[in-house]
Amino acid sequence: MKGNFPIDKFQEVETPFYYYDTALLRQTLQTINEEAGKHEGFVVHYAIKANANPKVLRIISQAGLGADCVSGGEIRRCLDNGFSPKKIVYAGVGKADWEINLGLDKNIFCFNVESVAELEVINELAEKKGKVARVCFRINPDVGAHTNAKITTGLAENKFGIAMRDMLPTIEEAAKMKNIEFIGLHFHIGSQILDMGDFEALCNRINEIQDELEKKHIKVENINVGGGLGIDYQHPNRVPVPDFKDYFDTYARHLKLRPGQKLHFELGRSVVGQMGSLITRCLYVKQGTAKQFVIVDAGMTDLIRPALYQAYHKIENITSDEKPATYDVVGPICESSDVFAKAVDLNTTHRGDLIALRSAGAYGEIMASQYNCRKLPVGYITEDLVEE
Ligand SMILES: *Cc1c(COP(=O)(O)O)cnc(C)c1O
């Protein structure tokens, strides 16, 4: 073992692969349940788009979380891995008819609807089945988040949700539809948010909206505030479990829930981010003119976040104890953006060493592609490699 890694077992499997530390996942889930459980009416869903590995999903569904899906494929994956349809919420700007039909057939808890056009289609499809679809409206609260521009979603300029000025007419429209039941409002302002002030701003906006709706005697049973809590990519060892206490307390303190109202959360990255590492092998150490490159067998096809978002992942050589040296760590893909990090210090690295890219449990394996005709990386959980 080095850190929490079963290195001997790692030597027996083909690289690159994802390793999921299930002790950390269970600890994270326990913290979520404890902290959310302190507040009346809080309901936590897991945003399955962050990591849909079936073994990971089984552990999360067993912990009692609901699921937040953004496609029909995700709904199927959840149902196959222990999530009850009663706890599935389904969001997305572009739901195809077959996906809506699947949600109706399975009687999922609710559709998070993003436009009137979509609402009309859901009403029509529900009518054909003689069913009533429960819907929440995803409102674009025009609240910015201090995060990467590619992952902010709650600004007026983003494609997501219904604009605030269209909210009332949309709710009134829904009331006229026989096969639609309006059950709440949905929000999601972005991802990798570490400033609780951003969530506070969302709470304030929701309070304003609730006051306005109350004046019109519109009853809202459910408020869904989406996900977005970030993780500490710099310090995966020091902060393995995000500060869920601060997160849930922020909502408890600032959001004025009405009696009997449920507050739903959809957490993705913060549930699974820190438990995952991409394990790769050094193929070559190449001496460039000005720098040294560690060329590894994983590439942007296995973990696209650095290339797509300039995201930082802590990188460690987990099989060398030699003194540190400075390297660019790059993959084998035919793209200049296939770089994991520039000028990072690693223990002196040689061909064959194992390298860990940390905090890769979210938006890692699930975003892998086969570009360059590469194999998809396998995801192993602790129990796959280590006997109890
Ligand atoms: C992506 C997404 C989430 C999860 O976001 P995280 O930042 O991973 O917590 C939750 N809700 C919706 C609607 C999303 O699109």
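Begin by selecting Glu 14, a residue that is exposed, with a relative accessible area of 55%. On this tour, buried means under 20% relative accessible area, exposed means over 50%, and partly exposed covers what lies in between, judged with a 1.4 Å probe and the protein chains only. The model is predicted, and for this reason local features need a pLDDT of at least 70 and side-chain atom pairs count only at pLDDT 80 or more, while totals for chains, interfaces and linings use all residues. Residues are numbered from 1 along each chain as its sequence is written, and side-chain values use heavy atoms, with hydrogens and water left out.

**Salt bridges**

The term salt bridge stands for a side-chain nitrogen of Lys or Arg within 4 Å of a carboxyl oxygen of Asp or Glu. Side chains of opposite charge can pair when their charged atoms come close.

Helices (H or I, at least four residues) and strands (E, at least two) are DSSP runs, numbered from the N terminus. Lys 375 counts as exposed, at 58% relative accessibility.

Now step to Arg 374, whose side chain meets that of Asp 302 in a salt bridge of 2.8 Å, N to O. This pair links distant parts of the chain, since Arg 374 sits in the loop between strand 16 and strand 17 and Asp 302 in the loop between strand 12 (292–296) and helix 11 (305–309), 72 residues apart. Both Arg 374 and Asp 302 are buried.

Select Glu 316 and Arg 358 next, where the side chains meet in a salt bridge of 3.2 Å, N to O. Glu 316 belongs to strand 13 (residues 315–317) and Arg 358 to the loop between strand 16 and strand 17, which places the two partners 42 residues apart. Glu 316 is buried, and Arg 358 is buried as well. A further selection of Asp 211, Glu 214 and Arg 258 shows one network, joined by salt bridges that share partners. In the whole structure, a search finds 16 salt bridges.

Most residues other than glycine have a negative phi, and most peptide bonds are trans. Return to the loop between helix 1 and strand 1, where Pro 16 lies, and look at the cis peptide bond that joins Thr 15 and Pro 16, with omega at about -5°.

Then select Ser 359, which is found in the loop between strand 16 and strand 17 and has a positive phi of about 55° although it is not a glycine. Ser 359 is buried, with a relative accessible area of 1%. Gln 192, in the loop between strand 8 (180–186) and helix 8 (196–215), also has a positive phi of about 55° without being a glycine, and Gln 192 is buried at a relative accessible area of 16%.

**Helix 5**

Which residues of helix 5 (residues 97–105) are buried? They are Glu 99, Ile 100, Leu 102, Gly 103 and Leu 104. Their cover includes helix 4 (72–80), strand 4 (88–90), strand 5 (110–113), helix 6 (116–129) and strand 6 (133–140).

**The ligand**

Finish by selecting the ligand and the 14 residues that surround it, of which the closest are Lys 49, Ser 191, Glu 266, Arg 269 and Tyr 363; a residue is near a molecule if one of its heavy atoms lies within 4 Å of it. The residues of this shell divide into three nonpolar, six polar and five charged, where Ala, Val, Leu, Ile, Met, Phe, Trp, Tyr, Cys and Pro count as nonpolar, Asp, Glu, Lys and Arg as charged, and the others, Gly among them, as polar.

In the side chain of Glu 266, an N or O atom is 2.6 Å from a nitrogen atom of the ligand, while a polar side-chain atom of Asp 68 lies 3.2 Å from a ligand nitrogen atom. On Tyr 363, a polar side-chain atom lies 2.6 Å from an oxygen atom of the ligand. The protein covers 94% of the 390 Å² of accessible area that the ligand has on its own, with areas taken from the Shrake-Rupley method and a 1.4 Å probe.

Technical notes: A polar contact is a pair of N or O atoms within 3.5 Å; within protein, one must be able to donate a hydrogen and the other to accept it, and residues adjacent in sequence count only if both atoms are side-chain atoms. Contact means heavy atoms within 4.5 Å.
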